[in-house]
Amino acid sequence: MPDSLPALRRIRADVQSMHAYAVQDATGLLKLDAMENPHGLAPVLQAELGQRLGALALNRYPGARGDDLKRALAAYAQMPAGFSLMLGNGSDELISLVTMACDLPGASILAPVPGFVMYAISAQLQGLKFVGVPLTADFELDGPAMLAAIAAEKPAIVYLAYPNNPTANLWDDATIEQIVEAQGAQGGLVIIDEAYQPFAARSYIDRVARHGHVLLMRTLSKFGLAGVRLGYLMGPQALIGEIDKVRPPYNISVLNCECALFALEHADVFADQAADLRTQREHLVAGLAKLPGLRQWPSEANMVLVRVPDATKTFEGMKARGVLVKNVSKMHPLLANCLRLTVGTADDNARMLAALESSL
Ligand SMILES: Cc1ncc(COP(=O)(O)O)c(C=O)c1O
């Protein structure tokens, strides 16, 4: 630590030894690394949205418009009666807020791994223990291992990403219910994270009200608004009411809020985009199946996980050919030599397949 900066000593040692969340530089590359929707807004909608954003009172703190957005999201998601909804600056913020709200001495967070990294990062930052329970070699939930870990750790929260990132699959329904029951029996919460819901055949929304300890988290990021930053968490009123107290008062800017309302008014446009991406995913999967030496896993999201003979070589080869994907091979031993491909437009996917084939 440089003596010229003694104030660095005031920053937690564990924070100083962390790596910042890595966002890859995509300048000049076809960006297929972060499950973004490749479709932008049509010019006519851009103009309409621009007018609305321009007319906002930027001099005022966000106000009651947030309640309009909550009502619109609840209707869009068909939120069950007796539930409430809170807003986050992306699901990332909601994950941090729930972790903070549950930060009792000795509390832990449990999730299957490999999974979404923010569950572990938010636990670490908040000083909670993170318990990662490995998936099976085929990326299914290891039911007995999950139940044993819940019994041993009695975690405050169990996260189930449904579909999971980066494996892109939905979990077995009976195994989910066993986990939900076990977590409820020991007095913990379950958060079903449906970030990829627009691309999945099933949702937990029709089962969530059966339980008093299950929260459902969604985001508009994969829906098509990754740049807007808007996540939402739904659950029984009594629970959401407490967690919402941790939220900074103005976490959703008037711009985020208005963009999200605008998008929900045009939900049919985004539904068509999601439908297109589901179709393109099937074409991509069929193209990948023709590549020798490559293994892929079934996807219910806008990504496909593949295993190649040498992930570093293929990743670098694709990058040299102008296509950026995510090399997840070092994230977890189960992901050895795996790359995560984001589903793009038909043209994007054709370029990605060609780059992949030449880089194997
Ligand atoms: C499973 C899962 N949950 C949540 C998020 C975060 O979403 P947001 O953009 O709303 O912060 C992601 C982002 O990749 C994700 O994969």
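A: A word on burial comes before the rest: a residue is called buried when its relative accessible area is under 20%, and exposed when it is over 50%. The model is a predicted one.

Q: Which residues of helix 13 are called buried?

A: In helix 13, Asp348, Asn349, Met352, Leu353, Ala355, Leu356 and Ser359 are buried, which means that each has under 20% relative accessible area.

Q: What makes these buried residues line one face of helix 13?

A: Viewed down the axis of helix 13, the buried residues fall within an arc of 170°, so they line one face of the helix. An α-helix has 3.6 residues a turn, so residues three or four places apart point the same way. The face turned away from the buried side of helix 13 carries Asp347 and Glu357, which are exposed.

Q: How do you know that the reach of helix 13 is close to the expected one?

A: Helix 13, residues 346-359, has 14 residues, and from its first C-alpha to its last it reaches 20 Å, close to the 20 Å expected at 1.5 Å a residue.

Q: Why is the largest pocket said to lie between domain 1 and domain 2?

A: Both domain 1 (5-43 + 268-359) and domain 2 (56-266) give residues to the lining of the largest pocket, so the pocket lies between them. Its volume is about 1400 Å³, and of the 47 residues that line it, the closest to its centre are Tyr21, Phe116, Val117, Met118 and Lys326. Helix 5 gives the most to this lining, with seven residues. By class, the lining of the largest pocket has 26 nonpolar, eleven polar and ten charged residues.

Q: What makes helix 3 stand out in the lining of the second largest pocket?

A: Helix 3 gives the most to that lining, with four residues, while helix 3 (65-77) and helix 10 (254-265) each supply at least two. The second largest pocket holds about 200 Å³ of space, and its lining has seven nonpolar, three polar and four charged residues.

Q: Why is the space lined by residues including Tyr76 and Tyr232 called a cavity?

A: The term cavity applies because a 1.4 Å probe fits there but cannot get out, whereas a pocket is open. The largest cavity has a volume of about 40 Å³, and a search of the whole structure finds one cavity of 30 Å³ or more. Tyr76, Gln197, Pro198, Arg218, Thr219, Leu220, Phe223 and Tyr232 line the largest cavity, and by class these comprise five nonpolar, two polar and one charged.

Note on methods: Residues are numbered from 1 along each chain as its sequence is written. This is a predicted model: local features need pLDDT of at least 70, side-chain atom pairs count only at pLDDT 80 or more; totals for chains, interfaces and linings use all residues. Side-chain values use heavy atoms; hydrogens and water are left out. On a 1 Å grid over the protein atoms alone, a cavity is a set of points where a 1.4 Å probe fits but cannot get out, and a pocket is an open set with protein on both sides within 12 Å along at least five of seven lines; lining residues have an atom within 4 Å of a point. Grid points are joined across faces, edges and corners, and a volume is the space filled by probe spheres set on the points. Ala, Val, Leu, Ile, Met, Phe, Trp, Tyr, Cys and Pro count as nonpolar, Asp, Glu, Lys and Arg as charged, and the others, Gly among them, as polar. Domain bounds come from an automatic or database domain assignment. The expected span of a helix is 1.5 Å times one less than its number of residues. Buried means under 20% relative accessible area, exposed over 50%, partly exposed in between (1.4 Å probe, protein chains only). The arc is that of the directions from the helix axis to the C-beta atoms.
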